[in-house]
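Dear colleague,

Please find below the structure that I am handing over to you. My notes on it follow directly after.

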Amino acid sequence: MATEIRIGHGFDVHRLRRGRKLILGGVTIPHSAGLVGHSDADVLLHALINALLGAMGEGDIGTHFPDSDPRYKDIESGMLLAEVLLIMRRKRFKLINADVTLMAQRPKLAPHYAAMRKKVAGQLKVVESKINIKATTTEKLGWVGKGEGMAATAVVLLSR
Ligand code: MG
């Protein structure tokens with residue numbers, strides 16, 4: 001059977017609040033504010049999960065892990081990613097690569113790229129070269145630029 005290649009795209013936004021832990025790609029990043037959400041609000045992993053589900057034709061994160069379900073309250077998003085990996089395996093999909101862009105005015109995220117990449121690759125059980133993580137500010141424009149929140153986009157390619 002011919003190899004099937006599927007693309008997926010994900011996007012997510014979370015609000016920032018002072019005194020919350022900032023968790024991106026499963027890595028805790030020192031900052032005066034963290035993201036707010038029903039789960040740990042890991043905007044990077046949420047965008048990635050939506051891209052993976054999208055590539056598989058499996059809807060989105062809210063379909064699989066509804067925020068009305070108390071089981072997902074404050075859950076580590078890495079645990080949701082682990083469940084998505086099980087769906088990938090069941091459907092025989094393999095990750096070709098993932099490319100993620102974070103949008104955040106502060107803190108500087110470049111010093112954390114390597115740790116996030118390592119963590120995400122480990123969670124997806126792939127070599128680090130299949131994962132790319134980068135970030136941009138929005139030049140102080142808009143709600144990201146004012147530090148009100150962060151956003152992330154992700155694209156993935158899967159094969160089976
Ligand atoms: Mg989210």
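**Findings**

Asp74 has a relative accessible area of 47%, and therefore counts as partly exposed. Its place is in the loop between helix 2 and helix 3. Please bear in mind throughout that this is a predicted model.

**Asp74 and other backbone features**

The phi angle of Asp74 is near 60 degrees, a positive value in a residue other than glycine. Asp74 also forms a salt bridge with Lys73, with 3.6 Å between the closest N and O atoms. Lys73 is likewise partly exposed, at 47% relative accessibility.

Lys125 has a positive phi as well, near 55 degrees. This residue is found in the loop between helix 4 and strand 6. With a relative accessibility of 58%, Lys125 counts as exposed, because the cut-off for that class is over 50%.

The peptide bond that joins Arg106 and Pro107 is cis, with omega at about -5 degrees. Pro107 lies in the loop between strand 5 and helix 4. As background to these entries, most residues other than glycine have a negative phi, and most peptide bonds are trans.

**The loop between strand 5 and helix 4**

Gln105 is found in this loop too. Is Gln105 buried or exposed? Its relative accessible area is 18%, so Gln105 is buried, the limit being under 20%. Leaving out residues up to four places away in sequence, Gln105 touches Thr137, Thr138, Glu139, Lys140, Val144 and Gly145. Gln105 and Gly34 are 71 residues apart in sequence, and their C-alpha atoms are 13 Å apart in space.

**Nonpolar core**

The largest nonpolar core has 47 residues, of which Leu24 and Leu52 touch the most other members. At least two residues of this core come from each of the following elements: strand 4 (33–36), helix 1 (43–56), helix 3 (77–90), strand 5 (94–103), helix 4 (113–124), strand 6 (131–136) and strand 7 (149–159). Helix 1 supplies the largest share, eleven residues. In general terms, nonpolar side chains tend to be buried together in soluble globular proteins.

Which residues does Leu52 contact, leaving aside its neighbours within four places in sequence? Leu52 is in contact with Leu81, Val84, Met88, Leu95, Leu124, Val156 and Leu158.

**Strand 7 and its partners**

Strand 7 is mostly covered, with eight of its eleven residues buried. Strand 1 (residues 5–18) runs antiparallel to strand 7, and eleven bridges join the two. Within strand 7, Ala152 is the residue that stands opposite Asp12.

Strand 5 also pairs with strand 7 in the antiparallel sense, over nine bridges. Here Lys94 has Ser159 of strand 7 as its bridge partner.

**Nonpolar surface patch**

Phe11, Val13 and Trp143 make a nonpolar surface patch of about 280 Å². Trp143 lies in helix 5 (residues 142–145). The relative accessibility of Trp143 is 37%, so this residue counts as partly exposed.

**Salt bridges**

Glu58 forms a salt bridge with Lys91, and their closest N and O atoms are 2.7 Å apart. Glu58 lies in the loop between helix 1 and helix 2 (61–64), while Lys91 is in the loop between helix 3 and strand 5, so the pair ties together parts that are 33 residues apart in sequence. Lys91 is partly exposed, with a relative accessible area of 27%.

The side chains of Arg6 and Glu4 also meet in a salt bridge, at 3.1 Å from N to O. Both residues are partly exposed: Arg6 has a relative accessibility of 26%, and Glu4 has a relative accessible area of 27%. Glu4 and Arg6 are linked with Arg160 in a network of salt bridges.

With kind regards

Technical notes. Residues numbered from 1 in each chain as written. Predicted model: local features only at pLDDT ≥ 70, side-chain atom pairs only at ≥ 80, totals over all residues. Heavy atoms only, no water. Core = buried A, V, L, I, M, F, W, Y, C linked by side-chain atoms within 4.5 Å. Buried < 20%, exposed > 50% of the residue type's maximum accessible area, 1.4 Å probe, protein only. Helix = DSSP H or I, 4+ residues; strand = E, 2+ residues; numbered from the N terminus. Contact = heavy atoms within 4.5 Å. Patch = residues over 30% accessible without salt bridge, like charges linked within 9 Å, V, L, I, M, F, W, Y side chains within 5 Å. Areas by Shrake-Rupley, 256 points an atom, 1.4 Å probe, with all protein chains shown as cover. Salt bridge = Lys/Arg side-chain N within 4 Å of Asp/Glu carboxyl O. Pairing = 2+ DSSP bridges.
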